[in-house]
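This report sets out selected features of the structure shown below.

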Amino acid sequence: MLPVIRVGQARVTAGLDHTPRLDLPSHRAVFGFPPTLAAAELIGICEEVDLRGRGGAAFPVARKLRAVLTAAVQAKTGQGKRRAAVVVNCTEGEPGSAKDKILLARAPHLVLDGALVAASALRASEIVVAVAGDGPHLRSLTDAVGSDSALARKVRVVSVPDRFVSGESGALVNAINGNPALPPGTKTRASDSGVHGMPTLLSNAETFAQLAVLALLGPAGFASVGTGHEPGTVLLTVGGSVSAPAVVETPSGVPLGYILDICGAQLPRAVLVGGYHGMWLHPGAAYDAPVSRAGMAAAGGTLGAGVVLVLGQDTCPLGEVTRVAGYLAMQSSGQCGPCKLGLPAVARSLAAITAGAGGVDELEALRRAAGGVRGRGACHHPDGASNFVASALEVFADDLIEHIFHGSCGRPASGILPLPADGGDTRLTVDWTRCRGHGLCARLIPELVELDQHGYPRLLEAPVPFWLSKNATQAVDMCPSLALSLTADQVKPAAAAAVSAAADPPSPLAVRARQQPQAVLTGRAWRRADLDAAEAWLAEIGGPGPARPL
Amino acid sequence: MRSRSRVRVEQLGEVRLPGRGRSAAILAVPVLSLLIPALATAIASAGGHSQLTRIAAGIARFLLYYSGVFALLALTAAVAAGLLATERTVMSPEHRILAQALHRTASLIGISALANHIMLEVLAHRARIIDGFVPFMAARNTFYMGLGTLASDLFIVIVVTGLLRRRFASWRLLWRALHATAYAAWPLAILHGLMAGRSAKPYVDWSYGGCLAAVGLALVLRYVMIARGRNAAAELPARAGTSVLPANIPALPAEPWRAMRPALPAPPARVPVAEPWPAADALPPGWRTAGGYPDR
């Protein structure tokens, strides 16, 4: 599991300096009991500090609460008793993100407290906590829910398939209602009709943790750190080419460079902010960008769900982008044509350019394919994937030129960007001595196979996704030359090691050492004056301490 | 603290792919083709004069009369569709996929009808069980009955190895040889159909002859094609416009892309190695003031 680092005052990570996991007694010792707030009070304080959803879309929590409340009241007058529901989204399908899993694994009661505060304000009849995959976070959550019988009665724990689009709000509501976890074709807001048709407050785990902190500290206490427009703290997941990947809690407004130095980033080639639906930034822009939505937007990026992935100088950037593009293509749920055919086309063009097999025409095809998927799906997935690729083309323009005109940049793609590697995947392989270019496979699985100018298949370098498994089997069965086969994927140990939650939490001593950033900071990347200014500023925003013991 | 009560984790949201009941439906065809005649014969032979008995006897009689014909027709369709599916000069890949699907469906129906035929012949005491599997053992009409048994055995081998086709990926030629015995089994089945049972009407003889000739011609064409050009794909027209760069560019100038493609984005300025923290005036306005950091 990733270590947790905090910069300045600890908020949602409070107490984690001393213990690997806050169980109920230690949670109460650190945070006390959250107050019971009426709906109007809760909306008021959320509005005062402009609390936003932390799952990536940054939707104002106050507006969401108000919409749920309005829908619940309207439904009540219409058909008698109609109550609201609260859904805590901890699915975190983004491979680079770990903050929600870490929160669940180490401070589960804070997330549950936030959900309880919201549920009692909305008089919600049901709290659903949705997670994806198995691991310490799920065990910690079930332990936390089971540690209190009142909690166990109120909270449903739901596990959904660990896929990129499972966490999309519509897909999650579908799953909780017993349907496949796929984004719905017609947009319905969870606040109007969510769990069992009830008005539903659906937000991400960090949002509920921040909500609990806000309820505990009050708006003034909450806003005692961070910038004026976006007060409070932000959870970041920093990974990639850094010596100390970590989940970092930082006040908003701290320059990203400061965080990157703490995590041991050294002269990055580029920084990816906002995860695989986010944007690449030049290091110059990234290091100065303040950690806030406005700051990231001004630098040309996005804060998203707080994923920061650093790309070092010794890996091939285009190779890395190609790997992720193939992953994103296969994470399409296969519902919308432009996405399921367009994203593989993007990945194939990128792969050709990266391999030195694509010319300027391939670059143009890539731009067309990436632009062509925008706004043409049930969910945000094609748009996000397209943004990711488009910003890579901009930031890695000189690598593109090297690859197109010189075949390669001379560096291997060493798998810096984390991708889930579960080993159970299958891939299509061709016995090239047998293939006679019949072309049946390209008609059966156009998502995975395209024919080259000679009529021979060009395969996508990616595991066969679940929604194509039948078609892939059919293609293997129908290959007239018996050249196509499905083979089990070899496990790649290096990939995704950065964020896989497996090992024990680090010893408190190691955590403390990490939490003293000046010990990590070297004069290399920072001018002394900047360092002093940042330290003084951090001391200042630490402030006189919160009203309640944190 | 350990948990005091176990919390149930609901596993939800699994996506079910369409066509999950397909294998069950496929299995149902041969099973039903064996069950229906067995039941019909059992009910009919139980005696009595009820409506049910008469219907069952009618079904048994009809199937006894026609199931052999159905088997022959379906297997003929299977042989023809299989041959068609390998054709690549006239057939597009889409049509070849359709032909393969037809080939499989016809084989399934054919093998089911064949099982039905054998079972009914045994139940009607026109053949023994051993005659269904071991050729040339029949008491009467030994030769033509034996041809039918031989064809049936071959078809069973072909269908079973066809189902296991993926396992034969490493013994492709063996699979091909086994599968090609269909071209031998099928004429045997036709001879059996014409000579072993009731005497056929002239139009049946003629149509059988026509089928044999058509498939024979197609078969000859197929192997002629294979012999003439093993790699027909190489003759496909190349897709236009695969490269915009002329093949004979001399040595590239220092910055060739800029001259050729002015629309390409300019390469960004690299970050100075010594000072990744640029001067204050390089920052977006408002993010840093003289005293430190703004906006708080």
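A:L267 is partly exposed, with 14 other C-beta atoms within 10 Å. The model is a predicted one, and every value given here is computed from it. A:L267 is placed in the loop that joins α10 (256-262) to β8 (270-273) of chain A. Its phi is near 40°, a positive value in a residue other than glycine. The background to this remark is that most residues other than glycine have a negative phi.

B:N141 is not a glycine, yet it has a positive phi of about 55°. The loop that holds B:N141 lies between α3 (93-123) and α4 (142-163) of chain B. B:N141 counts as partly exposed because 15 C-beta neighbours lie inside 10 Å, a number that falls between the limits of 12 or fewer for exposed and 20 or more for buried.

### Chain architecture

Chain A contains 22 helices and 14 strands. Of its 550 residues, 58% are buried. Among the contacts in chain A with a separation of 6 or more, 72% are between residues 24 or more positions apart. Chain A is divided into domain 1 (4-222) and domain 2 (422-491). The centres of these two domains, taken over C-alpha atoms, are separated by 42 Å.

Chain B has 8 helices and 1 strand. Read from the N terminus, its elements follow the order β-α-α-α-α-α-α-α-α. Buried residues make up 22% of the 296 residues of chain B. Of the contacts in chain B between residues at least 6 apart in sequence, 58% join residues at least 24 apart.

### Helix packing

Two packed helices are described by the angle between their axes and the distance between the axes.

| Helix pair | Axis distance | Axis angle |
|---|---|---|
| α14 (337-354) and α16 (381-395) of chain A | within 10 Å | roughly 15° |
| α2 (39-48) and α9 (205-222) of chain A | 10 Å | about 60° |
| α2 (51-85) and α6 (182-195) of chain B | within 11 Å | roughly 150° |

How are α14(A) and α16(A) oriented to each other? Their axes cross at roughly 15°, and angles under 35 degrees count as roughly parallel; α14(A) and α16(A) are therefore roughly parallel to each other. The crossing in which α14(A) passes α16(A) is left-handed. On the side of α14(A), the contact is made by A:P338, A:C339, A:G342, A:L343, A:V346 and A:L350, and α16(A) contributes A:H381, A:P382, A:A385 and A:V389. These residues comprise 8 nonpolar, 2 polar and no charged.

α2(A) passes α9(A) in a left-handed crossing. Here A:I45, A:C46 and A:E48 of α2(A) meet A:L214, A:G218 and A:P219 of α9(A). By class, the contact residues are 4 nonpolar, 1 polar and 1 charged.

In chain B, the axes of α2(B) and α6(B) cross at roughly 150°. Angles over 145 degrees count as roughly antiparallel, and α2(B) and α6(B) are therefore roughly antiparallel to each other. Their crossing is left-handed. From α2(B), the residues B:G68, B:L72, B:L75, B:T76 and B:V79 meet B:A182, B:W186, B:A189, B:I190 and B:G193 of α6(B). The residues of this contact divide into 7 nonpolar, 3 polar and no charged.

### The surroundings of A:S485

A:S485 is part of strand β14 (residues 484-488) of chain A. Because 16 C-beta neighbours lie inside 10 Å, A:S485 counts as partly exposed. Which residues does A:S485 touch, not counting residues up to four places away in sequence? They are A:T429, A:V476 and B:A169. A further relation within chain A concerns A:T426, 59 residues from A:S485 along the chain; the C-alpha atoms of the two are separated by 9.8 Å.

Note on methods: Residues are numbered from 1 along each chain as its sequence is written. Chains are lettered from A and ligands numbered from 1 in the order in which they are written. This is a predicted model: local features need pLDDT of at least 70, side-chain atom pairs count only at pLDDT 80 or more; totals for chains, interfaces and linings use all residues. Axes are lines fitted to C-alpha atoms, for helices over the stretch in contact, and angles run from 0 to 180 degrees between N-to-C directions. Helices (H or I, at least four residues) and strands (E, at least two) are DSSP runs, numbered from the N terminus. Angles under 35 degrees count as roughly parallel, over 145 as roughly antiparallel, 65 to 115 as roughly perpendicular and the rest as oblique. A crossing is left-handed if the near helix is turned anticlockwise from the far one by less than a right angle, and right-handed if clockwise. Two residues are in contact if their C-beta atoms, placed from the backbone, lie within 7 Å. Ala, Val, Leu, Ile, Met, Phe, Trp, Tyr, Cys and Pro count as nonpolar, Asp, Glu, Lys and Arg as charged, and the others, Gly among them, as polar. Domain bounds come from an automatic or database domain assignment.
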